[in-house]
Amino acid sequence: MNKRILFVHTRELCYYSGSYFLQQMQKEVAKLGIESQYFSLGQDPSSLEGILGRHYDGVVDINSKLPYFVLEDDRRFLDVLGAPFYNYIVDHPLYHHPGLTFPLKDYHAIAIDHCHKSYMEKYYPHLQQVAFLPIGATQSRLADVIPYEKRQIPLLFLGTYESKDGMLEKFRALCRKTFADQKIRQEFYDLGMALLEVMLAGKESANGERVEIPMEEALAGIVDQEKLQAGAYGTRDFAVLMNYLYLIDKYVRNARRHKGLSYVADLKVPLTLVGEGWEKVPLAGQAQVRLLGAKRIEETYDLLADARQVLDVNPLFADGVHDRVTSAMINGCLCCSDMSVTADPAMGDGRHFCHYSNWNLDPLGYALTGMPLGQQEEMAGRAKTYAVDHYSWQAHAKKLLDLMQLRP
């Protein structure tokens, strides 16, 4: 019998990327000889019942809602379907804690960060497997058409922005809404502020440099275990506490982005911003800054193909590979990223992308204002070759089938 995979879309991601990613997976898996189907849930969960009774060797979804679905007889939909289920978690798992807790019969997860992988293995032991596999990268049809020196976008940034003040107000509102007990509310708020301070400070690496600290490591280092076990923070469960504190994670992301983009704006480098929220930031009014607003993910690949450099600010992935980096690479851009070089050592050390950190922006400044165009083009060319071999959707499909043990 031919192997058969179902790709189900139950939750949309920013800029409609979730459905796009799943459709790319389905297409490339089919090219390798695996029978595959793409199914979008839409607004009617009952439409899932039409799938029951069919045989599948695997079911894949991104940040999935499927674990929540229960049939009228109280059985879990995925248990009744009977196929191995792979929940592709493309954020920190803390955001998807409720969906990861269900003890399904054949539950697997995929992470795009090594720290996220370890986190799920530790806090969700019922998962039969947690694999590491970055999302595939899409090459624009224009990537081989526009020569590097003729590209019209000197520097491109893709990503949303929410103000730090807005994040803090949301956190205060969350405290008020979640905890009726004033003492618990204050303990939780104080813990959140202490966690924020530790995450913004980072940690010292083995070579003496300051680097990002994963949120779980930061929280474990400051939480009072006696208070946690007594329920002083509103829960006795560390993973639940992490979920409650998700806005601290979002605050750090936006603080880092604001700092990085403000640094670039001060260099007077022509900058194109794609994403929501930047119109509210003072740098948006500077002459060299161009705002394009939100774009569907398919549109961003053509922008990448016309960009010389791409700025990636993504502290949520302390040891991971985000598709923003690999998509920049596969489209022939020089990517400047704070991504850890240990996530994929072959990409680091100045070979395929410019690595900087929040505590050392000098490499970013050099890449933007001091690096000769020929050197930029050479690095971008090496990066593209590497990304085609290791991060294209074709390469991704082979790795996905390997981890699912479904190679034809």
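# Walking from a salt bridge to the pockets

Let's start with Arg176, which is partly exposed at 45% relative accessibility (buried is under 20% relative accessible area, exposed over 50%, and partly exposed in between, with a 1.4 Å probe and protein chains only). You're looking at a predicted model, where local features need pLDDT of at least 70, side-chain atom pairs count only at pLDDT 80 or more, and totals for chains, interfaces and linings use all residues. Residues are numbered from 1 along each chain as its sequence is written, and side-chain values use heavy atoms, with hydrogens and water left out.

Arg176 has a salt-bridge partner in Glu169, with 3.3 Å between the closest N and O atoms; the term covers a side-chain nitrogen of Lys or Arg within 4 Å of a carboxyl oxygen of Asp or Glu. Glu169 is partly exposed too, at 38% relative accessibility. Searching the whole structure turns up 16 salt bridges. Another one joins Glu162 to Lys170, and there the closest N and O atoms sit 2.8 Å apart. Glu162 comes out as partly exposed at 26%, and Lys170 is partly exposed at 41%.

Now move to helix H4 (residues 114-123), where Glu121 and Lys117 are four residues apart, which puts about one helical turn between them. Helices here are DSSP runs of H or I with at least four residues, strands are runs of E with at least two, and both are numbered from the N terminus. The side chains of Glu121 and Lys117 meet in a salt bridge, 2.7 Å from N to O. Both ends are partly exposed: Glu121 has a relative accessible area of 38%, while Lys117 has 22%.

Next, have a look at strand S10 (residues 271-274). Leu271 and Leu273 point one way from the strand, Thr272 and Val274 point the other way, and all are buried. S10 has partners to follow, where pairing takes at least two DSSP bridges between two strands. One is strand S7 (residues 153-158), which runs parallel to S10 and is joined to it by three bridges. Pick Leu156, and its bridge partner in S10 is Thr272. The other is strand S11 (residues 289-293), which pairs with S10 in the parallel sense over four bridges. There, Leu273 has Leu291 of S11 as its bridge partner.

What about the cysteines? The structure holds zero disulfides, a disulfide being a pair of cysteine sulfur atoms within 2.5 Å. Cys333 has Cys335 as the nearest cysteine sulfur, 8.0 Å away, and is in no disulfide. Cys333 is also buried, at 0% relative accessibility. Cys336 is in no disulfide either, with the sulfur of Cys354 being the nearest at 4.2 Å.

On to the pockets, found on a 1 Å grid over the protein atoms alone: a pocket is an open set of points with protein on both sides within 12 Å along at least five of seven lines, and lining residues have an atom within 4 Å of a point. The largest pocket has a volume of about 1,000 Å³, the volume being the space filled by probe spheres set on the points, which are joined across faces, edges and corners. Its lining takes in 40 residues, and Leu13, Cys14, Asp91, Arg253 and His322 lie nearest the centre. Helix H1 (17-31), helix H10 (246-266), helix H11 (297-305) and helix H12 (323-330) are the elements that give two or more residues to that lining. The largest share, five residues, comes from H10. By class, the lining of the largest pocket splits into 17 nonpolar, 13 polar and 10 charged residues (nonpolar covers Ala, Val, Leu, Ile, Met, Phe, Trp, Tyr, Cys and Pro, charged covers Asp, Glu, Lys and Arg, and the others, Gly among them, are polar).

The second largest pocket holds about 570 Å³ of space. Lining it are 24 residues, with Glu209, Arg210, Val211, Ser340 and His355 nearest the centre. The classes in this lining come to 10 nonpolar, eight polar and six charged.

Asp74 isn't a glycine, yet its phi is positive, near 75 degrees. You'll find Asp74 in the loop between strand S3 (58-62) and helix H2 (77-81), exposed with a relative accessible area of 65%. Gln405 isn't a glycine either, and its phi is positive at about 55 degrees. Gln405 lies in the segment after helix H15 (393-404) and is exposed, with a relative accessible area of 71%.

Key. 1 Å grid on protein atoms, 1.4 Å probe; cavity = no way out; pocket = protein on both sides within 12 Å on 5 of 7 lines; lining within 4 Å.
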